[in-house]
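Visitor: I am new to this structure. Please take one chain and look at it closely, then follow it to whatever it touches.

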Amino acid sequence: MNDPVAFVNGLRLLGAGLAMLGAIGAGVGVGIAASGGVQAMGRNPDAAPIIQTNMILGMAFAEAVAIYALAVALIIIFAA
Amino acid sequence: MSEAKPKKRVAVKRWIVLALILIGIYAAYIGPSILKPVAPTVILPAEPIWPGVWMTNTILATLITDVLLILLAIGAYRFHKAGKLVPSGFYNAFEAIFEYLWNSVEGSSGRWARRIIPLVATIFLLIFVANMVKMVPGFESIGYLEPPHKTSIAYHPVKLFSLGSLPVYAIDPATSEMVVFDDNEAHEAEAEHSAEEEHALCELCQVIPFLRGSATDLNFTFALAVIAVVMTQVYGVWSLGPRYFNKFFQFGKLISGGVFGIIDFGVGFLELILEFAKILSFSFRLFGNIFAGVLLLSLVGALLPVVIPPGLYLFEIFFGIIQAYVFFLLATMFISMALVGHEEAHEEEVHDQEIVAA
């Protein structure tokens, strides 16, 4: 507390870490997508290419949330 | 005899790997401090390749990628000209990649595939080759020395040898010191620096690399994202004419549809916002993945320098391919969604949008 600059820097890093909490949801989402995709491929191996494409697409969308969190964290660390 | 030969060769490779691991252990834990791994300095914006030059290190890496791609294209063209129908070796792999891309584009956009594939395959190959070039040793580790611009760890330089008249330095990890910057002080220091001569060697230095992976620069990914989204609109107009913009501005429904017409009108605006969100998610997805990979590699490389990094390098190669493929796949999907009119794909899409709106 004696050094306000260091204190603010520390709080900033803490905020960046908290911003990355958003990655929890994306992790769960990607896991669900992968689980569903693998189950579908196990039941119907012939349709694997289509399922794979759609699975990766869904994963990419779920991942977008984590990417936004990462963008916020990077902005907090480097830009703000 | 014929059995003994291949066995011997395998054994030689094994000894080479063991020797490399031992050299790594010596360098990281036992040897002189100059060989020890250096904690990474995180630099988000691209730095110039030399003080005062406009070109940044990521642009240089992108140019190298471009040259490689052009050589690849010329090679593939000559191969094609030579008249061999069955490709071999390197071009076989190239053809396999291209066939995979072609199948995914054709699967999602049908007869428009011939017009779409030049754009999306170019994007794929550019990102793919850029991500592979990034893995070459020397990227992000060889550069010039500069005093740090913000609060971070810096090191004393040690002279190694002279290359002609150019002295070559290495930084000594044993002499790390924290450089703390106050914002005001930093501004003053910068003013002094621009007034003084720049080329005196710094006391405490960071390495600014000559080359950095293209996708670790937000400008690169953002430019690709803007190209992809703008071309989505172009393909939409090409396919549907001015009717394409009915998706965004549903004035007809506003007049005829009553209450639901107003909702549809609002949904149209949401779709317009969605186009801009696409740019954001495109660019930050690629940038975030590659940048995080670089951070992971350098951090783990500094903490556990011997056995773990090769595995992480494999992981990075995998992620380079996956991210290029995801960018390619999303661009293809968005373009083929823009190709068909809004009415055909109406039902489920509006449903989704209403859920998002609610």
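Guide: In this predicted model, chain A has a radius of gyration of 19 Å, whereas a compact globule of 80 residues would come out near 12 Å. The box filled by the C-alpha atoms of chain A tells us about its proportions: along the principal axes, this box is roughly 65 × 20 × 10 Å.

What is chain A built from? It contains 3 helices and 0 strands, and read from the N terminus the order is α-α-α. The contacts of chain A can also be sorted by distance along the sequence. Taking those between residues at least 6 apart, 79% join residues at least 24 apart.

The average pLDDT of chain A is 86, and 96% of the residues reach at least 70. Within chain A, helix α2 (residues 23-43) has the highest confidence, at 93, while helix α3 (residues 48-79) has the lowest, at a mean of 82. Where pLDDT is low, the predicted coordinates should not be read in detail.

Chain A also touches chain B. Chain A gives 14 residues to this contact and chain B gives 12. On the side of chain B that touches chain A, α8 and α9 (308-339) of chain B each supply at least two residues. That side of chain B is made up of 6 nonpolar, 4 polar and 2 charged residues.

Val267(B) counts as buried because 22 other C-beta atoms lie within 10 Å, and the cut-off for that is 20 or more. Phe251(B) is 16 residues away from Val267(B) along the chain, and their C-alpha atoms are 12 Å apart.

Gly301(B) belongs to helix α8 of chain B as well. Gly301(B) has 20 other C-beta atoms within 10 Å, so this residue is buried too. Apart from neighbours within four places in sequence, Gly301(B) is in contact with Pro37(B) and Pro309(B). A further pairing spans much of the sequence: Gly301(B) and Pro40(B) are 261 residues apart along the chain, yet their C-alpha atoms are separated by 9.0 Å.

Notes
Residues are numbered from 1 along each chain as its sequence is written. Chains are lettered from A and ligands numbered from 1 in the order in which they are written. This is a predicted model: local features need pLDDT of at least 70, side-chain atom pairs count only at pLDDT 80 or more; totals for chains, interfaces and linings use all residues. A residue is buried if 20 or more other C-beta atoms lie within 10 Å of its own, exposed if 12 or fewer, and partly exposed in between; C-beta atoms are placed from the backbone. Two residues are in contact if their C-beta atoms, placed from the backbone, lie within 7 Å. Helices (H or I, at least four residues) and strands (E, at least two) are DSSP runs, numbered from the N terminus. Ala, Val, Leu, Ile, Met, Phe, Trp, Tyr, Cys and Pro count as nonpolar, Asp, Glu, Lys and Arg as charged, and the others, Gly among them, as polar. pLDDT is the predictor's confidence in each residue, from 0 to 100. The radius of gyration is taken over C-alpha atoms; the globule rule is 2.2 Å times the number of residues to the power 0.38.
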